[in-house]
Structures are given as structure tokens and as C-alpha cells.
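Subject: Structure for your review

Hello,

Please find the structure below, as promised.

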Amino acid sequence: FAALEGNQYSEALKLTDFALNEAKKLGRNRCYIYNKETYQRFLRKSEITQELREAVNNGFQGFTAFYQPVFAEDKKVPYGAEALMRFTSEKFGIVSPAEFIPILEETGLIIPAGRWMMREAMGKCGEIRKVLPKFRMSINISQVQTSKSDVIHDISAEMKRAGLPLKALIVELTESDLLEQNINEKHFLTELRRMGISLALDDFGTGYSNFHYLSELKPEIIKIDRSFTAKAVADEQEYYLLNQFCTMIRNLDMKICIEGVENAQEWLKIRKLCPEFTQGYFWGKPCGYEEFMRKFTNKNDEKAD
Ligand code: C2E
Ligand code: MG
Ligand code: MG
């Protein structure tokens with residue numbers, strides 16, 4: 001490295017650091033051949049991680065909460081909404097949750113970011129309930145939060161702060177997280193039930209489906225993932241499968257929310273399954289609070305275009 005100067009030198013250091021890391025990931029005594037794409041991905045991830053860390057330490061600048069309406073059978077006013085986290089990076093612009101949520105989880109930053117999300121979403125839920133008194137807010141909770149923080153305490157504190165009754169909240173946990181549950185998570189589920197907060201099982205149909213825990217856990221709602229919905233509207237056998245699942249879920253006394261209905265043709269097929277709830281672009285895309293109020297409540301009727 002002695003021959004390298006300035007930028008070149010620090011670049012070489014970065015590359016060596018990266019290569020060493022990659023080699024370590026492969027196991028002991030391994031050699032790693034540098035690959036440009038992997039390095040670009042690594043750089044992007046490091047930069048996003050750094051930005052997320054700064055955002056968390058900086059009043060959560062760059063984070064926003066979006067809300068997607070969930071409709072019950074009558075379709076007139078939203079039954080509730082799902083709160084979805086958004087992050088805008090200074091360098092890369094809008095980053096998809098599919099990319100930044102795993103980073104928040106790996107770094108543990110999901111714990112403070114999740115708390116921020118709860119405060120944001122529950123506060124807004126209180127506002128929306130002034131217009132729609134039965135409105136319920138769904139919040140996604142990650143396994144890292146249940147296993148590494150006192151999420152029950154955070155939930156109750158934030159509900160109190162927002163003055164929300166217990167029935168105003170639905171906690172969404174993914175199937176994969178539930179199946180990997182550890183002792184803390186069991187404690188979390190018991191406490192959730194004891195408090196009387198509803199549980200929704202997210203991502204149903206993405207490959208884990210184990211039916212035994214369904215009757216054991218009795219979530220109030222089972223959310224059918226968009227990938228399953230998309231297959232079911234395109235393929236007869238998948239549709240048959242989904243139909244059977246719906247019957248089974250109903251026989252177990254749970255409700256169904258079908259996610260990802262994108263257009264009228266899809267709805268024509270899905271409505272035959274009589275889901276208790278639907279959530280999808282056809283009914284409304286996730287949007288910011290003001291837009292949500294304008295589009296889905298009558299509060300700002302005079303301003304609506
Ligand atoms: P999810 O909880 O299953 O959320 C539903 C996802 O489906 C959202 O994606 C939503 O925008 C998308 N979606 C809804 N309707 C349609 C549709 O008709 N078509 C298509 N193509 N997509 C639709 P989003 O917002 O990108 O979030 C992705 C995932 O990131 C969420 O999946 C959830 O697992 C996770 N996530 C988002 N916000 C949070 C959060 O605050 N905390 C945690 N732990 N996870 C979150
Ligand atoms: Mg969800
Ligand atoms: Mg889902």
C-alpha cells in the first residue's frame with residue numbers, strides 16, 4: 001500500500017476490509033476473490049445502515065409512517081389501517097421496506113424505530129377515531145422487538161399516551177417469526193392475550209404454514225399474503241387451495257384478511273371467498289396521514305378534489 005496515496009489508499013483499505021469480511025463469512029482459512037457487484041451491494045448496505053443509525057439518533061428524520069386502509073365487508077368506511085414504515089435516504093431516495101427493515105433488525109435499530117412507529121401510528125389512530133370511532137390500527141412487530149426489548153411495556157405505554165382502548169390495536173406478527181418463537185416471544189403472546197390485544201398472523205401462505213399452532217394461538221385475523229393472492233387469481237389450483245384455507249380458517253373461528261387485491265378482475269374472484277377483510281391497491285395504496293384523512297374519511301370533505 002505504500003505506493004498508494006490519498007483516496008487510492010483509503011479505497012484500498014475499504015476493499016481489503018470488505019474482502020476480509022467476505023472471506024470470514026465463508027469460514028476459516030478461505031480465500032475470497034473480489035467481485036464488483038457484491039462490493040457495490042455491500043457499500044450500499046453500509047451507507048444505508050449508517051444513514052438509518054443517524055436518523056434514529058436524529059429525531060427519526062427520514063422516517064415516515066404510511067397508512068393503508070383495511071375494509072370490512074360493507075366497504076363504506078375503512079375498518080382500520082395498517083401502519084407501514086417508510087424511509088427516505090439522502091443518498092438513495094426512497095428505500096423499500098424489504099431492504100431497510102432487515103437492516104433495522106440486524107442492527108437492533110428496529111427497537112427504537114419500532115417505538116417511534118408505535119407512537120406515530122397510535123397518535124394518528126386516536127385522531128382518526130374522532131371521525132371513525134371504531135377504527136383500528138394494525139402495527140407490525142418484528143421478532144427482534146419481542147425477543148430483545150420489553151415490547152409489551154412499550155405497547156401499553158404508547159396506548160396510554162394516545163388514550164386508546166385495547167381494542168383499537170391489532171398486533172401483526174409474521175408466521176416465520178411465530179414459528180421461531182423463543183421464551184420471550186411466548187411471554188409476549190401470553191401477555192398480549194392477557195391484555196386483550198388482538199393478534200393478526202401476517203404473511204400467511206408464504207411457505208411456512210403449520211396448522212397446529214393456529215388452533216393453539218387463535219389469532220383473531222389471518223392475513224393472506226399478496227404472493228398467495230396473486231397466485232390464486234392466476235391459477236385454478238392455487239385458487240382452490242386458498243378457498244380451502246379460508247374454509248379451514250373460518251371453521252377455526254378466525255377471520256380472514258386478503259391482502260394485495262390490485263384490480264376489479266381480481267376482486268371479482270376474491271369476493272367469492274367472502275373474506276371478512278380486504279387490503280390492497282384496488283381499495284387504496286399506503287399513503288401519508290393527511291392523504292389518508294382526505295381520501296378515506298369524510299373529515300376534510302370540503303378540501304377533497
Ligand atoms: P406486510 O406487513 O405484509 O405489509 C403489506 C405489504 O403489502 C406492504 O408493503 C403494502 O404496501 C403491500 N401491498 C398492499 N396491497 C398491495 C397490492 O395490492 N399490491 C402490491 N403489490 N402490494 C401491496 P410494504 O409497505 O413495502 O412493506 C413490506 C413489509 O415490510 C411489510 O409486509 C412488513 O413485513 C414490513 N414492514 C413495514 N413496516 C413495518 C414496521 O413498521 N415494522 C416492521 N417490523 N415491519 C414493517
Ligand atoms: Mg403486516
Ligand atoms: Mg402481510
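A polar contact here is a pair of N or O atoms within 3.5 Å. The model is a predicted one.

Ligand 1

On that definition, E82 makes a polar contact with ligand 1: an N or O atom of the E82 side chain is 2.9 Å from an oxygen atom of the ligand. The side chain of E262 has an N or O atom 2.6 Å from a nitrogen atom of ligand 1. At M85 a polar backbone atom is involved, 3.0 Å from a nitrogen atom of ligand 1. The protein covers 82% of the 800 Å² of accessible area that ligand 1 has on its own.

Ligand 1 sits in the largest pocket. There are 21 residues around ligand 1, of which E82, R86, D202, E262 and Y281 come nearest. By class, the shell consists of eight nonpolar, eight charged and five polar residues. Strand β2 (80-89), helix α3 (97-107) and strand β6 (198-204) each supply at least two shell residues, and β2 gives the most, with four.

E82 and D202, in strands β2 and β6, are 120 residues apart, a pair that links distant parts of the chain.

Regards

Definitions and conventions: Residues numbered from 1 in each chain as written. Chains lettered and ligands numbered in written order. Predicted model: local features only at pLDDT ≥ 70, side-chain atom pairs only at ≥ 80, totals over all residues. Heavy atoms only, no water. Near = heavy atom within 4 Å. Polar contact = N/O pair within 3.5 Å; in protein donor to acceptor, adjacent residues only side chain to side chain. Areas by Shrake-Rupley, 256 points an atom, 1.4 Å probe, with all protein chains shown as cover. 1 Å grid on protein atoms, 1.4 Å probe; cavity = no way out; pocket = protein on both sides within 12 Å on 5 of 7 lines; lining within 4 Å. Sits in = over half its atoms within 2 Å of the grid points. Nonpolar A, V, L, I, M, F, W, Y, C, P; charged D, E, K, R; others polar.
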